[in-house]
Amino acid sequence: MTPPPLAAASAAGSLLTRAPLEADAVPHSSSPAQLVIAALVGVAAIVVLIVRAKLHPFLALTLGSFVMAVIAGIPLIDSLTPFTQGLGSTIGGVGVLIALGAIIGTFLIESGGADAIVDTVLARTRVPLLPWAMALVAFVVGIPLFFEVGVVLLIPIVMLVARRSRLPVMLVGIPALAGLSALHGLVPPHPGPLIAIDAIGADLGLTLGLGLIVAVPTVIISGPVAARLMASWVPIQASGILGDQDDPGEPDAERSREDRPSFAVAISIVLLPVVLMLLRTLVETVMPESTGSILYKAAAFAGTPVVALLITTLLSLLVLGARMGQGAQEISSRVGAALGPIAGILLIVGAGGGFKQTLVDSGVAEVMAEAIQGAGLSTLLAGWLVAVAVRLATGSATVATITAAGIMAPLATGLTAPEAALLVLSIGAGSVFLSHVNDAGFWMVKEYFGMTVGQTFKTWSLMECLVSVVALAAVLLLNLVV
C-alpha cells in the first residue's frame, strides 16, 4: 500500500514523528519519572493558561511546549526546536487542506449553495420527519464547513423550521447540532481529524470512509432519537431573534433563490472531494500498484487530499463564483476574505503540531505510551480516555485531539491501516465529550437558543456525551470486523 497521504505530504515531519531524537534532534537524557512529570506539568500549564488566564490557545500551546521541553531535560537553547519543527511540518501537511476547505465553504455559503441544499431537503419533508431532515442537512453541510460556520448557517434555519411547524426548537435543533458535532470530531477535512491522521500516520481516505460509517449511527442516536427526550425536558419554542428573517415565500427571497446554484450543483461541490478520496482508497485496495494502469494513477493522483480539495476549490470558483456574477478580481477578493478568519485556526493547529513534536522528541510520548500499554487498556479505549481528559480540562476539541494524538503516536507504529484509522476516530470521539462552561461552543449554543445554563447542560452537553460514547461504541464494533 502507498504511504498515508498526509504522511507522504510531509515526509520530513513524519521522520521526526516516528523516531524521536534522530540525527538533527535535540540531545538530552531524562528518567521516565522526569518525563512523566514534564508531561503533566506541560499539559497543566496549557490548561491553566487557557482556562484561568484566558490566553489564546496558540500562545498556551507554545508556552506549554516550552515548559515541558525544559522539565524533560532538553537544553534551554534548544527547548523550542521540536516545537518549531512540528509547527512547520503540520502547517505544511494540514494547513493547506484547511485553507482550501475554508474557501469551498465560503463560496458555498455566499453563493446560496448551502441554502439550496437546506431548502431542497426541507421542502420534501413532512413535519414528523423534520428532525431527521435537519440531521441529514447538518450531516451533508458539515462535511466541508467548520463547526462554528455550520452553527451560524443552520441555527436561523432551525428557528424558522421550528416556528413554522410549531415544534419545540430542541426537536429540530439537537439533530442539527449532532450532525455538525459528529462531522467536526470524526471526519476530515476538519482540523482535529487531520491533525490526528498526520500524527498517527493513518490513511486519510480510509479514515474518511470509516469516519462516515461511524458518524451515521452516531448522528441518528444522539440527534433525532435523543432529541425527543430532550425536547420534553426543555420544551422551549423558537425565539424571534433569529427566526424573524425573510420567509422563503416573500418576493426578495424568491429573487435571491433564482440566482443561487441548483441543489445538484451545490451537493456536487460538497461531495466531490469525499468521492475522490474514497475512490483512491478503493482503487488502492482492489488494484495492485504494480499494474501501473492509467486508472490506478489517475485515482491515486485525484484522490490525494490536496489535489482533491484543490480540484473542488477551482470548480467552486468557476461554478459558484460565476453564479454570483463576479469577475476574476471580485472572486480573488472573496478568496482572500475566506482565508482571513482561519488564521487563528491555522496557528492553533500548527502550535498543536509543535506540542505533539515536543512530546515525541523529548521521549514523553514514548514513556506515556508504555505506561498505557502496561495498564492493559486497549489502544482505542486509551486514545478515547486521553482525549476525554484533555477535553474536560481545556474545553477545546482541537487541543484534546492534538494532545491525545501526540501521546498515542508511539503506539500506532505497529497498527494496520484500518487499526490506525480507528485510533484516529476514537481520539476524535473523545475530543467532543461533555462540552461545558470552559467551551466557547457551550455559550454559543446557549445564547443562540436562548436557554439557561441548566437547560444547556440538559441538551447540548448531554448530546455531546452521546456523540462521544456512541462514536466510541461504533469504533469498537468496527474493530471487530475490519
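This is a predicted model: local features need pLDDT of at least 70, side-chain atom pairs count only at pLDDT 80 or more; totals for chains, interfaces and linings use all residues.
Residues are numbered from 1 along each chain as its sequence is written, and side-chain values use heavy atoms, with hydrogens and water left out.

**The whole chain**

- The chain has 24 helices and zero strands; both are DSSP runs numbered from the N terminus, with helices being H or I and at least four residues, and strands being E and at least two.
- Of the 482 residues in the chain, 57% are buried.
- Take the contacts between residues at least 6 apart in sequence: 82% of them join residues at least 24 apart. Contact here means heavy atoms within 4.5 Å.

**Helix α5 and its partner α17**

- Helix α5 (residues 81-110) packs against helix α17 (residues 328-339) at an angle of about 120 degrees, and their axes are 9 Å apart. The axes are lines fitted to C-alpha atoms, for helices over the stretch in contact, and the angles run from 0 to 180 degrees between N-to-C directions.
- That angle makes α5 oblique to α17: under 35 degrees counts as roughly parallel, over 145 as roughly antiparallel, 65 to 115 as roughly perpendicular, and the rest as oblique.
- The crossing of α5 and α17 is right-handed. A crossing gets that name if the near helix is turned clockwise from the far one by less than a right angle, and is left-handed if anticlockwise.
- On the α5 side, the contact is made by Ala-99, Ala-102, Ile-103, Thr-106, Phe-107 and Glu-110, and on the α17 side by Ile-331, Arg-334, Val-335, Ala-338 and Leu-339.
- Sort the residues of this α5 and α17 contact and you get eight nonpolar, one polar and two charged. Here Ala, Val, Leu, Ile, Met, Phe, Trp, Tyr, Cys and Pro count as nonpolar, Asp, Glu, Lys and Arg as charged, and the others, Gly among them, as polar.

**Helix α5 and its partner α10**

- α5 also packs with helix α10 (residues 191-200), at an angle of about 150 degrees and with the axes 10 Å apart.
- α5 and α10 are therefore roughly antiparallel to each other, and their crossing is right-handed.
- Thr-90, Val-94, Leu-97 and Ile-98 of α5 make the contact with Pro-191, Leu-194, Ile-195 and Asp-198 of α10.
- The residues in this α5 and α10 contact come to six nonpolar, one polar and one charged.

**Aromatic pairs**

- There are two aromatic pairs in the structure. Rings of Phe, Tyr and Trp (its six-membered ring) pair if their centres lie within 6.5 Å; planes under 30 degrees apart count as stacked, over 60 as edge-to-face and the rest as tilted.
- Trp-384 and Phe-433 pair edge-to-face, with 5.8 Å centre to centre and 80 degrees between the planes.
- This pair links distant parts of the chain, 49 residues apart: Trp-384 is in helix α20 (residues 379-394), and Phe-433 is in the loop between α22 (417-430) and α23 (440-449).
- Both Trp-384 and Phe-433 are buried.
- Phe-442 and Phe-457 have ring centres 5.0 Å apart and planes at 55 degrees, so their pair is tilted.
- Phe-442 sits in helix α23 and Phe-457 in helix α24 (residues 453-481), so the pair ties together parts that are 15 residues apart in sequence.
- Phe-442 counts as buried because its relative accessibility is 0%, while Phe-457, at 33%, counts as partly exposed.

**Positive phi values**

- Most residues other than glycine have a negative phi.
- Lys-54, however, has a positive phi near 60 degrees. Lys-54 lies in the loop between α3 (32-51) and α4 (57-71), and its 66% relative accessibility counts as exposed.
- Leu-434 is not a glycine either, yet its phi is positive, about 45 degrees. Leu-434 lies in the loop between α22 and α23 and, at 26% relative accessibility, counts as partly exposed.

**A look at Leu-208**

- Leu-208 is in helix α11 (residues 204-233) and is buried, with a relative accessible area of 0%.
- Leaving out residues up to four places away in sequence, Leu-208 touches Val-187, Pro-188, Val-274, Met-277 and Leu-278.

Terms used:
Buried means under 20% relative accessible area, exposed over 50%, partly exposed in between (1.4 Å probe, protein chains only).
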